[in-house]
Amino acid sequence: MGRRHLTHAGIAAFILSATALAEDAPASDIVYKHAYAFLAEPKYPPDFQHFDWVNPDAPKGGRMRISVSGQWDNINPCSVPAGHRVLGVDVERPYANLVHDALMDWSADEPASIYGRLAEGIAVADDGAWIAFRIRDRARWHDGKPVTIDDVHFTFTRFTTEASPTIATPLSPIESFEIIGPREIRFNIREGQRGDPLLPIVIGSKPILPAHFWADRDLGKTSITPPLGSGPYRVKELRVGRWIRYERVEDYWGRDLPVMRGRYNFDEVKWDYFRDGQIQAESLKGDVVDVNVEGVPRLWNTAYEFPAKRAGMFRQHWLPVNHPAGLWAALFWNLDQPRFRDVRVREALWLVADYKWINWRNYDFYGLAESFFHGSVLASRGLPSERELKYLEPIRDLVPPRVFTEPYRPPPHGGRGWHRDNLVKAAALLKEAGWNVEDGRLVHSVTGEAFHLRMLVIPPGMAASMMPYLRNLERLGITSTIKSPETSQWVFRMLSGDFDGGDMWFITDFTPTHAMARFSSAEADHEYGANYPNIRDPAVDHLLEAVKSANTWDDYVAAIRAFDRVMLWNFYLIPGMSRTRIGIGHWVRYDWVDAGKLSREVWTESWWWDEARAIKVAEYLGE
């Protein structure tokens, strides 16, 4: 489908023509499968009854109230100005969308496998020319109307014509799509983009929208109107910016599907939004919320020693996760400025960053990131393997020599706050790049420009944590200012280039192809691109294409590791903290299956209410 805007009248006509086609189309002879795995085979067979990480007999009932930082002003996951989208209506992750069903859903104990949810089958052409789905014949919207193949056709029509670029761009390889049977739809892929193993997951993960609800509504606008869905929950109550409450749909059509059995067990799920971490912690202790994922080291170590915990009514523990932990608030520089294009300058700025010491000051709450995909199989390690060299040798002259000779490590001598050897080496690198100290300030020997940094970081707590680093820069003669603006202002200044340095979170799953694309040269030139550092590197572009074209899991991992090495040794970002475990505090009203390390947090979707424990908590609280 071409990218164009359809009027409501045009959409109505489009729906009528699609409906007529669906009614007339005979069933196709395509052979469908129950699941699809990214460059692998699915773990679960066609006759599987439930995932291993759920309790298929989990009781339904109870509630879960979860605290989250921030605010929200939009419940439409597809709008062009996304605003602050509320939790529970995710457009990329089916398991995080309580209201809408997707064609397929992800397992939490595999890197990237999807199983039929709204669709009972998926098929991919051997040459990648098309991807087809066949939907189930018993799905229902919450208003009782059936979910039809016309709704699927309508959804992708709107996604490719009106939805935000974050939705439409990953779907751009689709040349057209057509209804080929009463319950079947086929997506035809552009010739030059066939064979992308991630595309079936991208398409299958999108939420399906009801045509009769959205036909007269603008999908491109933010909204606070509760949407109609077909999923396990519907919106019950909300207060814009403060909280949202979902109620379980008692007669949810998909409750007993193998992909859904044992999941979404609470009668109510509520997210409460807070703007202060201390208030979040106190609200948890005061039983205003049930669950909090704690991200503040001081609070994790000091705030939860209270009587309820000592009485066994409250639990605080680490949950291991098996996914790329990535980079937490990594620093980056504006490469549109000539001074930051010099790798010696970037290395000097990297050398004096002592995150090991900062982490020590934070109770060793975090891990120290050594990769863009820290804590996972995707992270580079040791020296390049033979398979990695296949991707690196053609660009040997375009990348730092250390890519081939040294494993990346954080700056040496970490843990002391600052080290003289690091400062001396950083000063020497800056001098080589043309920067000299004059009257205590670092000045360029040719232009006379003083080295001053305007840092923009979010959230506000990051500004305070960066003060030791800025003091180290002062020892080199570099002056700085640091601000933590409101998020929309931060994004505006990033896009307009009105900054010197900033911070970025880079956390992915096991299929980071699209997330990595933010570092492409094309993204740097895009008006609304997310390549905030403005990296334009042909070696990086080469490796991004290698990742996209990999047709085996081993090649995919090798290409990502090669990309990781090139990014690290170019010092485009300064890796700081990372986390390979999740610190969670909660009242002991719940039970769950101990399935070891999973690829995501699953308490909302797989935990269940334990009535006996809940009664004990209520008695303790005098309720």
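How many nonpolar, polar and charged residues are in the lining of the largest cavity? That lining has five nonpolar, no polar and four charged residues. Here Ala, Val, Leu, Ile, Met, Phe, Trp, Tyr, Cys and Pro count as nonpolar, Asp, Glu, Lys and Arg as charged, and the others, Gly among them, as polar.

This is a predicted model, in which local features need pLDDT of at least 70, side-chain atom pairs count only at pLDDT 80 or more, and totals for chains, interfaces and linings use all residues. Residues are numbered from 1 along each chain as its sequence is written, and side-chain values use heavy atoms, leaving out hydrogens and water.

**Cavity and pocket**

The count comes to one cavity of 30 Å³ or more. K60, P232, R248, V249, Y252, R255, M260, R263 and Y264 line the largest cavity. On a 1 Å grid over the protein atoms alone, a cavity is a set of points where a 1.4 Å probe fits but cannot get out. A pocket is an open set with protein on both sides within 12 Å along at least five of seven lines. Lining residues have an atom within 4 Å of a point. Grid points are joined across faces, edges and corners, and a volume is the space filled by probe spheres set on the points.

| Space | Volume |
|---|---|
| Largest cavity | about 70 Å³ |
| Second largest pocket | about 570 Å³ |

The second largest pocket is lined by 26 residues. K33, Y36, A37, V124 and A125 lie nearest its centre. Its lining divides into 18 nonpolar, three polar and five charged residues. Helices (H or I, at least four residues) and strands (E, at least two) are DSSP runs, numbered from the N terminus.

**Sheet and helices**

Four strands form an open sheet in the order β5-β6-β8-β7, with antiparallel pairing. β5 (119–124) and β7 (174–181) stand at the edges with a single partner strand each, so one side of each has no neighbour in the sheet. Two strands pair if DSSP finds at least two bridges between them. Six bridges join β7 to β8 (residues 184–189). I174 has I189 in β8 as its bridge partner.

Helix α2 (residues 149–159) lies across β6 (130–135), β7 and β8, with contact meaning heavy atoms within 4.5 Å. The helix runs at about 170 degrees to β7. Axes are lines fitted to C-alpha atoms, for helices over the stretch in contact, and angles run from 0 to 180 degrees between N-to-C directions.
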